[in-house]
Amino acid sequence: MQQKSKLFLQALKYSVPHLGKCMQKQHLNHYNFADHYYNRIKLKKYHLTKCLQNKPKISELARNIPSRSFSCKDFLPIKQENEKSLSENMDAFEKVRAKLETQPQEEYEIINAEIKHGGFVYYQEGCCLVRSKDEEADSDNYEVLFNLEELKLDQPFIDCIRVAPDEKYVAAKIRTEDSEASTCIIVKLSDQPAMEASFPNVSSFEWVKDEEDEDVLFYTFQRNLRCHDVYRATFGDNKRNERFYTEKDPSYFVFLYLTKDSRFLTINIMNKTTSEVWLIDGLSPWDPPVLIQKRIHGVLYYVEHRDDELYILTNVGEPTEFKLMRTAADTPAIMNWDLFFTMKRNTKVVDLDMFKDHCVLFLKHSNLLYVNVIGLADDSVRSLKLPPWACGFIMDTNSDPKNCPFQLCSPIRPPKYYTYKFAEGKLFEETGHEDPITKTSRVLRLEAKSKDGKLVPMTVFHKTDSEDLQKKPLLVHVYGAYGMDLKMNFRPERRVLVDDGWILAYCHVRGGGELGLQWHADGRLTKKLNGLADLEACIKTLHGQGFSQPSLTTLTAFSAGGVLVGALCNSSPELLRAVTLEAPFLDVLNTMMDTTLPLTLEELEEWGNPSSDEKHKNYIKRYCPYQNIKPQHYPSIHITAYENDERVPLKGIVNYTEKLKEAIMEHAKDPSEGYQTPNIILDIQPGGNHVIEDSHKKITAQIKFLYEELGLDSTSVFENLKKYLKF
């Protein structure tokens, strides 16, 4: 679920209301719809030094893209006179983390999302919405449009921005770090800009212009994490605000997307497996919308537009993977769709971007990244295999029709810029300082054979000069739900662990989306145990190939990834020494039987309906972490939960923790020789957000827990953290 620095697939992907949101927000069944019309989002880098000046920059929240969310408190400089007293009360981990927060380093960059429209760039500066002339975007010359402090929210930040076509108004969605509630403000642009209106709980929103040159704002309203209503509003002398559409099926949600050329506003009505799209004429927004194709169970489709043709990414037909089709805009029904481009098997469509003469597909095939450039004039296809170190795309969109810029990253390597230039037909790599991690670490693409013979891809990182890898600590990552890719964006603490000798392994198990739609289908509903078998096979394969050993193996996951981790702790605890979980989903059965919870109905396509289907109920009982706790040995487990999390209620996590502790105490009554009671820690954080990725306190606590549980000397990790500050 998430924002405007995304392209075609990403924006919708992050709007999907599921327990595992953030994951990130990769990709297809949760589409990545792009920024609107010609004023595409441009990513701008701000050095940490700048963030420490007066009021800090706050980045756009965009879960799995470069825009990272930091609250004001994260970058308030620590006063010199307080440093000594603070240090005396913090252990070594916290000292280093404090230094990381306050050290002004050029290479540690905060990337802010901004939107360019006309001759201006709109973005957040400190606690204000501002704009500056395009040629002055890197200077301190900007115009303040609105002070966020007027909303009287606790550390607000701008989630996304949309500018009206004629630049009379700008709309911005405001959130806080500890809540998913949002407020959309409408600012009238004039000599003295002023807020004209505000709407609560807005999810997606887009501007169009009617025949009388009046700006019209369409927006979706979210209630209890459910987004079913579309509203249409105008401002000024002809002010109105009316409900335009209501989705009556509670298992679906609604999201708005404006095609890149601004020709059509699309109303996307979706659940996890099925979609339906309506077109609103961008030139006549008061006309009734036009249905492209009525929803067909199991058929997903998403729409872009160019030169009176609709380009439709859909899984209709065989094989049931995504392919690109097109049809005339005035004959949009499915019987008129013509096949235009077919993906290879085991291919994940990460994103799509449309240009005047080209369509660019960002792909993941067999766990490697590719860019396919399709010439729309001659239907030519140029496929570019990207560097093997790259694990993820960051879409860096702009309005330049001649170039397609993007970034590549990995968990241990910061983003690097690439640009495909259509005229030259070549991909250009950013030049400059070469990251030392390219020489000091290795990335391996491995496969594990699961119980049914299916080969499961893994991505492994370790130091190049590591000797005797069997004696090195291993941190395994897993997710495996909703067809979402395992998050592999750059995280500085992951890099620090590799520098300190850790092996990092990312297991791309079934239920995720790394190998396409079928990969997801083979790990949901009554095939969820495939993901568990895949995870077990991955860890055993790593051990068998000499990567660490059970006593040095740790496992981490968040949200829906907690299902597989919790299930493995029940079924094969001997494979693990320690586990860290964040906002984990651990009580599948009771959650899915409680229809009063906001997301239960929307989750039926992923987990099943145990209330009405006995087969689903019995199957969930086989793997549900909470249901299968028993007196036995368990690894030590550190759980971070959030007090007012609406997606994974705290009650379920507390119940799991209490039941687990009781089982451990029962097992300890008759311990075997050398038995060591595991530590079970539940760290409850305040606030109502689901996952706070950049919480320094959380990261510090998790790393400290892992080092203590494995009995490792933490001196070297401190030094590596300090080294990181000097890149």
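This report describes selected helices, strands and cysteines of one predicted model.

Residues are numbered from 1 along each chain as its sequence is written, and side-chain values use heavy atoms, with hydrogens and water left out. Because the model is predicted, local features need pLDDT of at least 70 and side-chain atom pairs count only at pLDDT 80 or more, while totals for chains, interfaces and linings use all residues.

**Helices**

Helices (H or I, at least four residues) and strands (E, at least two) are DSSP runs, numbered from the N terminus. Buried means under 20% relative accessible area, exposed over 50%, and partly exposed in between, with a 1.4 Å probe and protein chains only.

In helix α12, which spans residues 614-623, the residues His616, Tyr619, Ile620 and Tyr623 are buried. Viewed down the axis of α12, these buried residues fall within an arc of 100°, so they line one face of the helix; the arc is that of the directions from the helix axis to the C-beta atoms. The buried residues of α12 pack against α8 (528-544), α9 (561-571), α10 (588-592) and α11 (604-607). Contact here means heavy atoms within 4.5 Å. At the start of α12, the backbone nitrogen of Lys615 lies within 2.9 Å of a side-chain oxygen of Asp613. A polar contact is a pair of N or O atoms within 3.5 Å; within protein, one must be able to donate a hydrogen and the other to accept it, and residues adjacent in sequence count only if both atoms are side-chain atoms.

Helix α8 contains His543. Not counting residues up to four places away in sequence, His543 touches Leu474, Ser548, Gln549, Pro550, Thr553 and Leu575.

In helix α6 (residues 492-499), eight of the eight residues are buried, so the helix is largely enclosed by the rest of the structure. Gly501 follows α6 and has a positive phi, near 100°.

**Strands**

Two strands pair if DSSP finds at least two bridges between them. Strand β18 (residues 301-306) has six of its six residues buried, so β18 is largely enclosed by the rest of the structure. Tyr301, Val303 and His305 cover one side, and Tyr302, Glu304 and Arg306 the other. β18 pairs with β19 (residues 309-314) in the antiparallel sense over six bridges, and His305 has Leu310 as its bridge partner in β19. Two residues lie between the strands of this hairpin, where Asp307 takes a positive phi near 45°.

A separate open sheet has four strands in the order β26-β27-β28-β29, with antiparallel pairing. β26 (392-395) and β29 (426-429) stand at the edges with a single partner strand each, so one side of each is left without a neighbour in the sheet. Strand β28 (residues 413-421) is joined to β29 by four bridges, and Tyr420 has Leu427 as its bridge partner in β29.

**Cysteines and accessibility**

With a disulfide taken as a pair of cysteine sulfur atoms within 2.5 Å, the count comes to zero disulfides. The sulfur of Cys160 is 7.6 Å from the closest cysteine sulfur, in Cys184, too far for a bond. For Cys359, which is in no disulfide, the nearest cysteine sulfur is that of Cys404, 9.8 Å away.

| Residue | Relative accessible area |
|---|---|
| Cys160 | 6% |
| Cys359 | 0% |
| His543 | 14% |
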